[in-house]
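Please look over the sequence and the fold together before reading on.

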Amino acid sequence: MMMGLLVWKTPQEGKRERPVVLTDRNVLRLRLLVGEIVRGERTPEALWRRRLIRAAKAMRKRGITRIIPPEGFSQAQAVPWEKYGLRVVSTLPLRRKMAADWTWAQLSAKGLSPAGAKIAVSAGQMTGELVRTVTEMSLRHRYVLLDVPHGGEELCRQLRREYGVSILLSPGKEQLEEAEALVLFDDRTDLRRRNPVAVPLYDENAPMPPLTLPPAIEEQIPPGTDCGRLMAALLEAGVFRPGQMALKAGNS
């Protein structure tokens with residue numbers, strides 16, 4: 001099913017333009033229905049919101065059920081997309097693919113030694129994403145702590161057998177709070193979050209680290225696009241690989 005991509009369009013002075021224009025377009029080999037929404041610096045909020053809703057309704061009529069909102073449009077500002085039969089593309093799979101790089105970058109930005117830091121990973125259940133992240137981190141960091149209710153024993157045995165690395169399984173609450181980095185696949189309201197670095201992989205509203213893309217890819221992205229959500233959609237569709245992007249140097 002084709003997705004929808006909403007982007008802001010800067011109005012051209014002295015030119016009469018349609019406020020909402022929908023076009024079918026291939027973006028990095030992914031077929032999208034692109035909605036360009038005119039929004040200038042002086043466009044009243046009530047007006048550009050009406051235009052967003054108009055675009056949402058038009059997309060739904062075209063059979064679109066999932067969309068990528070415009071750049072800078074946070075969940076807190078959200079139009080009630082569900083009301084119009086639309087769902088926003090999730091960035092959670094992308095965030096979890098980037099978890100190891102993201103954690104390393106934040107530790108470096110804090111002036112900490114990533115390789116020697118204690119990394120605590122907490123999750124509500126064992127998943128493929130968790131296995132991949134813990135495996136990658138165990139090969140990068142000297143100390144990795146894993147907090148998961150079930151399935152951790154087998155993963156620890158596998159990592160010791162295949163790579164000779166040791167994971168601390170079922171750490172106490174105090175150990176989680178004292179780790180230099182806390183990586184959360186699910187929320188933990190019982191923790192005080194005193195860690196120098198915290199990576200909430202469950203939170204769509206948490207800012208994503210800026211991404212660096214090859215010029216050949218970046219030049220194909222329409223202006224005004226939410227790059228993180230577009231990358232998530234491309235990753236899901238199998239037309240984009242995590243190795244094609246990197247975190248911007250100096251950002252966390």
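Which residues lie on each side of strand β9 (residues 181-184), and are they buried or exposed? In this predicted model, A181 and V183 lie on one side of β9 while L182 and L184 lie on the other, and all four are buried, so that both faces of the strand are covered, where buried means under 20% relative accessible area.

Strand β9 also has pairing partners. With strand β6 (residues 118-122) β9 pairs in the parallel sense over 4 bridges, and I119 stands opposite A181. With strand β10 (residues 197-200) β9 likewise pairs in the parallel sense over 4 bridges, and here A181 stands opposite V197.

Helix α3 (residues 99-109) comes next, with A99, A100, W102, T103, A105, Q106 and L107 as its buried residues. These buried residues pack against β6, β9 and β10, and also against α2 (92-97), α4 (128-140) and β12 (246-247). Just after α3, G111 takes a positive phi of about 80°.

The nonpolar cores complete the picture. The largest one has 52 residues, of which V121 and M231 touch the most other members, and its largest share, 6 residues, comes from helix α8 (residues 227-237). If neighbours within four places in sequence are left aside, V121 is in contact with L130, V134, M137, L145, L146, D147, V183 and F185; V183 is one of the buried residues of β9.

Methods. Residues are numbered from 1 along each chain as its sequence is written. This is a predicted model: local features need pLDDT of at least 70, side-chain atom pairs count only at pLDDT 80 or more; totals for chains, interfaces and linings use all residues. Side-chain values use heavy atoms; hydrogens and water are left out. A nonpolar core is a set of buried Ala, Val, Leu, Ile, Met, Phe, Trp, Tyr and Cys residues joined through side-chain atoms within 4.5 Å. Buried means under 20% relative accessible area, exposed over 50%, partly exposed in between (1.4 Å probe, protein chains only). Helices (H or I, at least four residues) and strands (E, at least two) are DSSP runs, numbered from the N terminus. Contact means heavy atoms within 4.5 Å. Two strands pair if DSSP finds at least two bridges between them.
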